[in-house]
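Try each task yourself, then read through the solution.

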There are 2 protein chains.
Amino acid sequence: MDDFLSSVDNALADLEHDRSRLGRSSTAERVADILRERIIEGFFRPGQRLSEEAIAEALGVSRNTLRESFRLLGHERLLDHRLNRGVFVRVLSAEDVADLYRVRRVLELAAVRGRLAGTALAVTKEAVADAERAASAGDWQGVGTANIRFHQALVGLNGSARLDEAMRQLLAELRLVFHVIKEPRVLHEPFVARNRRLLELMEAGRADEAAAYLAAYLDDAERLLVQAHRAG
Amino acid sequence: MDDFLSSVDNALADLEHDRSRLGRSSTAERVADILRERIIEGFFRPGQRLSEEAIAEALGVSRNTLRESFRLLGHERLLDHRLNRGVFVRVLSAEDVADLYRVRRVLELAAVRGRLAGTALAVTKEAVADAERAASAGDWQGVGTANIRFHQALVGLNGSARLDEAMRQLLAELRLVFHVIKEPRVLHEPFVARNRRLLELMEAGRADEAAAYLAAYLDDAERLLVQAHRAG
DNA sequence: ACGTAAGGATCGTTGAACAATTCGACAAGG
DNA sequence: CCTTGTCGAATTGTTCAACGATCCTTACGT
């Protein structure tokens, strides 16, 4: 009897994981999802103004609903809301890039330094493999995506939902800069091998070396990005 | 002539600093400010439902504008927006508290470990002094506020605007838990002396010791908070 | 105890309207 | 030619009223 009850309890506990999916989304949220995707895929260019009237009509929603979506994306720093002037796709300054990398250093180094459970690295490992696969196929867009997944997984090692969310937003912001740049290859290729090396250090439990390696990694990435940012 | 022109240029350059102040806030943002204040001061209790109609009328704004404000606060995790049910003041679970402390460990330890410029600790120092003053006056509410300022200043050492903002939000969330608790004294008093000690270690440049000390500090704080959270 | 039906309350979304603000154009003046 | 004042079109900010959709409660019947 107790066995039966506790197995029911376990099943119920499992169900709670799906609870997040249960809360369907409102129209405003769905619109925000669409716009977010368009922005990070580069369809809307940084600096571009998004007309309330035009987009509301194009998506078939009212201006009020669209404005709610704008607020959401504004809070994610993907849109810049200027009073009485409208919303613009965010344009990142060099200072923004520097700040984003300051955050990355804090979040990613903390993850690498933390105690690493054996299986926790699985997602990380997979992302590295994906990047290598895409690189040998010459799919630099795919390499970029895999690299992003790698760093997202890295932060995931901290085990914090809030840090995961913060990293997600941060990477979305960074893509804003990626799209300003012409050559995707120079931006992503050099880091495939370094991701692999970093992973190896972590798997070997050499946390301090991994941290130092990642720090240098991030310094280089920032430098490269700022440089390309100036040029673009 | 050149002198004159360049002095004009300098004056114009100075003006740009004030540009941030120029962007006044919209009604929705001002409403969000009011509600945020009410929430973190405990006027609205965790779990309480905020009626659109009632609040819109009370503040003299339309439901649409109020909804924009709700979206803002929802994104800050102060409000819980449930579809078709309305918005509720966020209720933090034990898991939420644990997650918040995971984030604190990452943000604050990174700050303590970082290279510390001499004058950077000024704000931190002041917050500790304020806490001590409030403590000897028996103003436990004031002690709590000063402690919060201390940790905000700590994260500020990272030099990142985004981390500052994240910490601001995090502390606002934490206040949600504080208000559930009856005894403010037991929550804040034990940490006044520890703040002082931590500050001394940092001033002495003993970064590693400071980090270890802060780690233990945060462990204790989390334990205390979770414990009080269960009781309350 | 359980499923269901009805009703009221509240939210979600729309469409229209008007005020407030911005921006570009263009004329007047030094 | 450059600066300044003014006007008007275009867009945003905000309100309002309305209606359908959804949830919660209550009551009812099996």
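**Exercise 1: a residue in a loop**

Task: work out whether B:Arg77 counts as buried, partly exposed or exposed, and why.

Solution: B:Arg77 counts as partly exposed because it has 18 C-beta neighbours inside 10 Å. The label buried takes 20 or more other C-beta atoms within 10 Å of a residue's own, exposed takes 12 or fewer, and partly exposed is in between, with C-beta atoms placed from the backbone. Next, find its place: B:Arg77 sits in the loop between H5 and strand S2 (79–82) of chain B. Helices (H or I, at least four residues) and strands (E, at least two) are DSSP runs, numbered from the N terminus. Last, check the backbone: phi of B:Arg77 is positive, about 70°, although this residue is not a glycine.

A note on the model: it is predicted, so local features need pLDDT of at least 70 and side-chain atom pairs count only at pLDDT 80 or more, while totals for chains, interfaces and linings use all residues. Residues are numbered from 1 along each chain as its sequence is written, and chains are lettered from A and ligands numbered from 1 in the order in which they are written.

**Exercise 2: the counterpart in chain A**

Task: find where A:Arg77 lies.

Solution: look in the loop between H5 and strand S2 (79–82) of chain A. Phi of A:Arg77 is positive too, near 65°. With 18 C-beta neighbours inside 10 Å, A:Arg77 counts as partly exposed.

**Exercise 3: around the DNA**

Task: say how many residues surround DNA strand C.

Solution: 18 residues do, with A:Thr27 and B:Gly86 among the closest; near means a C-beta atom, placed from the backbone, within 6 Å.
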